[in-house]
Amino acid sequence: MTQIVQENGRTVVKPQRDIVVPATDELRQELKNVIAAGSDLTIDLTGVEIIDSTGLGLLISAHNTLKKIGKALIVTNASADLRELFKSMRLDKHFTVADA
């Protein structure tokens, strides 16, 4: 289950579970709908402990699609482990990653 809200002109997507293979199809569709609406996107990772390679690919795809239309992806409330993952993959060089 994912919560989607509007805050300060941005769409905030709050996944309530880990971003791993079983959850990515549903999240992918939700992100496509948000991106199609044309707003900047924040993904709030408060309810996320684990992101696997499929989940990382989903975030990269969302970033690339948003960049093409002049919008940005921000990841917020990432745990220390997730921030370290983004840093080791150098994803923090492509989109903003904020801590919890």
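Predicted model: local features only at pLDDT ≥ 70, side-chain atom pairs only at ≥ 80, totals over all residues.
Figure 1. Taken along the principal axes, the box filled by the C-alpha atoms of the protein chain is roughly 30 × 30 × 25 Å.

**Figure 2. Burial, surface and contacts of the protein chain.** Of the 100 residues in the protein chain, 37% count as buried, while the accessible surface comes to about 5600 Å², with 50% of that area belonging to carbon and sulfur atoms. When contacts between residues at least 6 apart in sequence are considered, 61% of them join residues that are at least 24 apart.

**Figure 3. The hairpin of strand 1 and strand 2.** Strand 1, residues 2-7, and strand 2 run antiparallel and are joined by six bridges, and the hairpin that they make has two residues between the strands. Asn8 is found in the loop between strand 1 and strand 2, where its phi is near 50°, a positive value in a residue other than glycine. Most residues other than glycine have a negative phi. Asn8 is also exposed, because its relative accessible area of 81% is over the 50% cut-off.

Figure 4. Ile4 is found in strand 1, and its bridge partner in strand 2 is Val13. Leaving aside residues up to four places away in sequence, Ile4 touches Thr11, Val12 and Val13, together with Glu30 and Val34. With a relative accessible area of 40%, Ile4 is partly exposed. The C-alpha atom of Ile4 is separated by 17 Å from that of Leu66, a residue 62 places away along the chain.

Figure 5. Strand 2, which spans residues 10-15, is mostly covered, since five of its six residues are buried. Strand 2 pairs in the parallel sense with strand 3, residues 40-44, over four bridges, and within this pairing Val13 stands opposite Ile43 of strand 3. From strand 2 the chain crosses through helix 1, residues 21-37, to strand 3, and this β-α-β crossover is right-handed.

**Figure 6. The aromatic pair of Phe86 and Phe95.** A search of the whole structure finds one aromatic pair. The pair is formed by Phe86 and Phe95 in an edge-to-face arrangement, with 6.0 Å from centre to centre and 75° between the planes. Phe86 and Phe95 are both buried.

**Figure 7. Arg90 in the loop between helix 3 and strand 5.** Arg90 lies in the loop that runs between helix 3, residues 80-88, and strand 5, residues 96-99. Although Arg90 is not a glycine, it has a positive phi of about 60°. The relative accessible area of Arg90 is 55%, a value over the 50% cut-off, and the residue is therefore exposed.

How values were computed. Residues numbered from 1 in each chain as written. Heavy atoms only, no water. Buried < 20%, exposed > 50% of the residue type's maximum accessible area, 1.4 Å probe, protein only. Pairing = 2+ DSSP bridges. Right-handed = clockwise from strand over helix to strand, strands pointing away. Phe/Tyr/Trp six-rings, centres within 6.5 Å; stacked < 30°, edge-to-face > 60°. Contact = heavy atoms within 4.5 Å. Areas by Shrake-Rupley, 256 points an atom, 1.4 Å probe, with all protein chains shown as cover.
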